[in-house]
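Please examine the fold and its aromatic side chains in the display below. The paragraphs that follow move from the whole chain to individual residues.

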Amino acid sequence: MSATASRSAPEERLVNLVVALMATEQGLTKDTILSSVTGYREQLEAGASKDALEKMFERDKENLRGLGVPIETIGNRADPDDLREARYRVPTAEYALPDDIVFSPAEVALLNIAGGVWGSESLSADARSGLRKIRALGIAVDEPIIGYAPRIRVRDASFPTLQRAIEQNRVVTFTYLRPGEAQPRERRIRPLALVEYEARWHVYGFDLNMDADRTFLLSRIVGDVTVRREKFAPELLEGAGERAVAGLRAVAARQRALLEVHPGTEASLRLARRAQEAPQDVPQGIVVPYVDLHVFADELASYGPEVRVVEPADLRAEVIRRLEATVVLHGGAV
């Protein structure tokens, strides 16, 4: 594979695909897309098989539809089920803003700030062109609304390697450190899906050492992910993302925390969005489901006095342990 193809991140390919499908009224055939859209073209030129690229395109199409992008398939009018020469497009009418919507200078400034939040290593050239289009509206921007903007990375360091392994149907190995364990252990999995849940990325796959499906937090992967030559059947990818999310939701349904949160605080704003209706016998507080005890304890401890864990006891103990460690770290006495 060429250097250009290897550097092409999956999200860049998706952006390029959306731009191409919005730029055509008649629609583009699959062959045209694979041979001309950046992200597919480089891999085709580097020797990737057409079958593999077609499967990649189908997954990309479903991912975009899952994100709310209305991709339209235009088939043969005489035989609508014949998709060999089908054309694809994104109807611009469904994406265009109404004519009566205008941006004020302050709103344009906010859009620029929002775009500036993303770190340069996370924002592709195609995405950066979106900021240039905002600035090309010709609206004078007010003085800076705030003095600084935060920087955000869209993913963990292992994300690109895992995504490529999924696209290539290749087994990966990595070392994984679970809470409470002194040393990380090597995992060997067939990676089937990357899913975001509770603002954290997970990789779902089949653990070849444990002979079972497993879900791993990307933030607990230690070191680099190694892509092996061993391959697996692409059919295993079908429905993997849905299975992963369903499994995480099932875990969260079994683990719920009763919290007392000070109103108007950051904790209140963030936790209320995930809260469930409290049982009638609970006089006060909110109920928040969670997947991972230690990850949730980290989050709750970061809010300091804004939140108090009522139950369960093991979660409360983990939060207290973190708060006590913070006090000791800063020279205080517990």
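How many helices and strands does the chain have? The chain has 12 helices and 11 strands, where helices (H or I, at least four residues) and strands (E, at least two) are DSSP runs numbered from the N terminus. The model is predicted: local features need pLDDT of at least 70 and side-chain atom pairs count only at pLDDT 80 or more, whereas totals for chains, interfaces and linings use all residues. Residues are numbered from 1 along each chain as its sequence is written, and side-chain values use heavy atoms, with hydrogens and water left out.

Of the 334 residues of the chain, 35% are buried, that is, under 20% relative accessible area, with exposed meaning over 50% and partly exposed in between (1.4 Å probe, protein chains only). Among contacts (heavy atoms within 4.5 Å) between residues at least 6 apart in sequence, 60% join residues at least 24 apart.

The whole structure holds seven aromatic pairs. Rings of Phe, Tyr and Trp (its six-membered ring) pair if their centres lie within 6.5 Å; planes under 30 degrees apart count as stacked, over 60 as edge-to-face and the rest as tilted. The pair of Phe159 and Trp201 is edge-to-face because the ring centres are 4.9 Å apart and the planes stand at 75°. Since Phe159 belongs to helix α8 (residues 159-168) and Trp201 to strand β6 (residues 200-207), this pair ties together parts that are 42 residues apart in sequence. Phe159 is buried at 9% relative accessible area, while Trp201, at 23%, is partly exposed.

Phe174 and Phe216 also form an edge-to-face pair, because their ring centres are 5.5 Å apart and their planes lie at 85°. This pair links strand β4 (residues 170-176), which holds Phe174, with strand β7 (residues 212-217), which holds Phe216, across 42 residues. Both Phe174 and Phe216 are buried.

Elsewhere, ring pairs join Tyr40, Phe57 and Tyr88 into a cluster. The charged end of Arg13 sits over the ring of Tyr40, 5.7 Å from its centre; the criterion is NZ of Lys or CZ of Arg within 6 Å of the ring centre and within 35 degrees of the ring normal.

Tyr88 is also in contact with Lys61, as is Ile71, when neighbours of Lys61 within four places in sequence are left aside. Lys61 lies in helix α5 (residues 50-66) and, at 5% relative accessibility, counts as buried. Which side chain makes a polar contact with the side chain of Lys61? That partner is Glu58, at 3.0 Å; a polar contact is a pair of N or O atoms within 3.5 Å, and within protein one must be able to donate a hydrogen and the other to accept it, while residues adjacent in sequence count only if both atoms are side-chain atoms.
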